[in-house]
Amino acid sequence: MYEVAFALTTSKLDSSTPTKQFDVWIHANNVGCHTFLSALSNNLFDVYYSYKEAKDIWYSLILKYTVEDVVKQSS
């Protein structure tokens with residue numbers, strides 16, 4: 001899916017990275033961010049729209065819902 005996995009597993013590349021690889025990361029990150037944000041409810045969108053990296057949105061959602069599931073199961 002447009003190499004989105006690359007943006008989910010790699011933090012933002014620095015300026016010493018070859019231009020083509022940097023451009024691929026930028027595109028993949030943009031696609032990932034837009035995909036995640038478009039799938040969220042309005043309440044969650046307001047929380048996550050300020051994130052600049054798809055990886056940050058992804059891990060934040062995993063942490064939020066993994067913790068909530070563990071708390072629900074232990075109750």
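Trainee: What share of the contacts between residues at least 6 apart in sequence join residues at least 24 apart in the protein chain?
Mentor: The share is 39%, where contact means heavy atoms within 4.5 Å. Please note that the model is predicted: local features need pLDDT of at least 70, side-chain atom pairs count only at pLDDT 80 or more, and totals for chains, interfaces and linings use all residues. Residues are numbered from 1 along each chain as its sequence is written, and side-chain values use heavy atoms, with hydrogens and water left out.

Trainee: How many helices and strands are there?
Mentor: The protein chain has four helices and zero strands. Both are DSSP runs numbered from the N terminus, helices being H or I with at least four residues and strands E with at least two.

Trainee: Which residues make up the largest nonpolar core?
Mentor: Twelve residues do, among them Val-4, Leu-8, Cys-33, Phe-36, Tyr-48 and Leu-61. H1, H2, helix H3 (42–48) and H4 each give two or more residues to this core, and H2 supplies the largest share, four residues. A nonpolar core is a set of buried Ala, Val, Leu, Ile, Met, Phe, Trp, Tyr and Cys residues joined through side-chain atoms within 4.5 Å. Buried means under 20% relative accessible area, exposed over 50%, and partly exposed in between (1.4 Å probe, protein chains only).

Trainee: And what is Cys-33 in contact with, leaving aside neighbours within four places in sequence?
Mentor: Cys-33 is in contact with Lys-52, Glu-53, Ala-54 and Ile-57.

Trainee: Changing topic, where is Thr-10 found?
Mentor: Thr-10 is in the loop between H1 and H2. Its side chain reaches the backbone oxygen of Phe-6 at 3.0 Å. Not counting residues up to four places away in sequence, Thr-10 touches Trp-25 and Lys-55.

Trainee: What about Asp-14: which side chain does its own side chain contact?
Mentor: The side chain of Asp-14 makes a polar contact with that of Ser-16, at 2.7 Å. A polar contact is a pair of N or O atoms within 3.5 Å; within protein, one must be able to donate a hydrogen and the other to accept it, and residues adjacent in sequence count only if both atoms are side-chain atoms. Asp-14 lies in the loop between helix H1 (4–9) and helix H2 (19–39).

Trainee: Why does Trp-58 count as partly exposed?
Mentor: Trp-58 counts as partly exposed because its relative accessibility is 36%. Trp-58 is found in helix H4 (residues 54–74).
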